[in-house]
Amino acid sequence: MTTISTTPRTESPRPAPKPGFDPRLAPIIDKVDQGERLSIADGLLLYETPDIWTLCELADRVRRRLHGDAAYYNINRHLNYSNICALSCKFCAFHRKKDQDGAYEHSVEQIREEAHKAVASGATEMHIVGGLHPWLKFDYYTTMLRTIREAAPALHIKAFTAVEIVHLAKISQRGKQGYEGIKSVLRDLIDAGLGSLPGGGAEVFDDRVHDEVFKGKIRSTQWLDVHKAAHELGLNSNATMLYGHVDQRHERIRHMDILRRAQDIALRRIGYEAEGTKERRDEGTEGYPDCIRDWPGAVVLTRPGAQLPNPDASGGYHQTIIPLPFFPDESELEHLPAPTGLENLRTLAICRLMLDNFPHVKAFWIMQTLEMAQFMLQNGADDIDGTVVWYDITKLEGPTTHQEASVADLQRAIREAGFTPIERDTLYRPVERNLQTGAWRVIR
Ligand code: V47
């Protein structure tokens with residue numbers, strides 16, 4: 001196993017408890033100091049405690065242990081190739097039916113043009129997501145990837161949520177082949193240019209929540225299977241949690257526990273040792289997806305001195321957790337309030353502490369706002385995503401919102417938060433750029 005160490009892991013002494021310190025957090029602080037995995041009960045307490053400052057300080061401690069004062073951004077473009085979707089998830093304001101106002105699908109020519117624009121803007125990544133289009137054929141997707149690869153050979157293509165991959169298996173008559181069908185679809189996509197999977201479509205891994213707001217969408221088992229298959233084929237992937245709608249806090253903690261167990265399996269596969277049987281307890285895991293039943297035990301990457309996986313070595317794993325706060329506007333759940341700033345901050349900090357084997361935590365500025373993302377860098381996040389340019393899935397200020405940040409905006413936000421901006425590629429390798437010509441290369 002080859003591992004990578006990013007920045008020096010300096011640890012400042014533990015500060016004296018502040019007024020308002022919640023003494024129930026003391027055992028959690030000890031566990032974090034020793035690099036021990038937090039339990040489900042610990043996660044619930046972190047949601048319950050009024051002492052959000054101790055929570056945030058702990059998350060910051062772990063974040064600095066892993067990344068020092070580095071904070072990552074990238075130059076990317078998001079491409080939503082079509083909003084036409086066979087599903088009608090209640091939380092989603094993006095989907096349209098075929099003849100509905102605002103329905104669109106991009107032609108191959110439009111996609112080629114997007115790839116050219118991406119190159120001209122110096123992007124290192126194209127992030128592609130769309131609806132489950134009812135009549136596009138499988139070769140639309142492979143042609144899309146090949147077109148981008150041809151127009152922009154250096155661009156990393158991060159494309160298709162697990163939900164789309166399962167849909168592609170169905171439309172290419174591989175749906176009945178189960179796991180092998182998924183793998184075979186992924187192989188075709190890799191052959192056409194796919195470089196990694198984004199984290200979307202995970203929502204909250206819970207059957208109650210699933211049946212209430214995204215019935216018809218794949219269940220957690222299939223989402224996890226797609227990512228496992230991608231990892232086995234050497235692709236890295238991300239993971240999300242879309243929270244703050246009908247979900248409850250204990251369901252979010254369970255989602256985090258399921259994700260970190262899936263990551264334990266991925267890390268074990270690429271050579272990490274699991275930490276004995278101490279955390280192999282199965283209580284509270286009824287109804288967990290079958291694919292994480294062969295759990296090897298905890299692999300904690302946030303303990304002092306642990307090494308992060310090397311993106312250049314073979315073998316895939318989850319890179320980043322991206323908590324996505326629910327945007328109610330124009331969805332069927334518009335009557336629900338959006339999660340508050342403090343709830344978003346708390347959830348992100350808890351993700352940093354619970355997902356102890358995820359190298360990165362992203363505060364996606366499009367959904368969190370750049371102002372809040374800045375603050376989140378000080379409370380667990382180490383990444384704010386990129387320049388984006390156009391994003392259709394959620395809109396901060398109505399359908400015509402143009403959502404773009406310049407590199408200067410991102411760097412300023414990071415510096416002002418007290419961190420050093422590091423441009424990264426999709427796999428979190430630092431990027432070196434010639435400021436005159438815009439030419440870039442990945443530093444290995
Ligand atoms: O899959 C849809 C979610 C996801 C809403 O991997 C909503 O680096 C909130 O996954 N309110 C797409 N969320 C975004 C996504 C993502 C974003 C940035 C980076 C990465 C990455 C991944 O957005 C969807 C769905 O889970 N979503 N509707 C909504 N109303």
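**Basis.** I number residues from 1 along each chain as its sequence is written, and side-chain values use heavy atoms, with hydrogens and water left out. As the model is predicted, local features need pLDDT of at least 70 and side-chain atom pairs count only at pLDDT 80 or more, while totals for chains, interfaces and linings use all residues.

**Entry 1: the sheet of 7 strands.** I looked up the strand order and found an open sheet, E3-E4-E5-E6-E7-E9-E10, with parallel pairing. Strands are DSSP runs (E, at least two residues; helices are H or I, at least four), numbered from the N terminus, and two of them pair if DSSP finds at least two bridges between them. Strand E3 (76–79) and strand E10 (360–361) are the edges; each has a single partner strand, so one side of each lacks a neighbour in the sheet. I then checked strand E6 (residues 194–197), which pairs with E7 in the parallel sense over 2 bridges. Leu197 stands opposite Ser237 in E7.

**Entry 2: the ligand.** I next listed the surroundings of the ligand and noted 23 residues, a residue being near if one of its heavy atoms lies within 4 Å. The closest are Lys158, Gly199, Gly201, Glu203 and Lys362. Strand E7 (236–243) and strand E9 (318–325) each supply at least two residues of this shell.

- The side chain of Glu203 has an N or O atom 2.6 Å from an oxygen atom of the ligand.
- Gly201 places a backbone N or O atom 2.9 Å from an oxygen atom of the ligand.
- Phe327 has a backbone N or O atom 2.9 Å from a nitrogen atom of the ligand.

On its own the ligand has 610 Å² of accessible area (Shrake-Rupley method, 1.4 Å probe), and the protein covers 97% of that area. I also noted that the ligand sits in the largest pocket, meaning that more than half of its atoms lie within 2 Å of the pocket's grid points. A pocket is an open set of points on a 1 Å grid over the protein atoms alone, where a 1.4 Å probe fits, with protein on both sides within 12 Å along at least five of seven lines.

**Entry 3: the sheet of 3 strands.** I found an open sheet in the order E11-E2-E12, again with parallel pairing. Strand E11 (383–386) and strand E12 (420–423) stand at its edges with a single partner strand each, so one side of each has no neighbour in the sheet. Strand E2 (residues 70–74) pairs with E12 over 4 bridges, and Thr420 in E12 is the bridge partner of Ala70.

Key
Polar contact = N/O pair within 3.5 Å; in protein donor to acceptor, adjacent residues only side chain to side chain. 1 Å grid on protein atoms, 1.4 Å probe; cavity = no way out; pocket = protein on both sides within 12 Å on 5 of 7 lines; lining within 4 Å.
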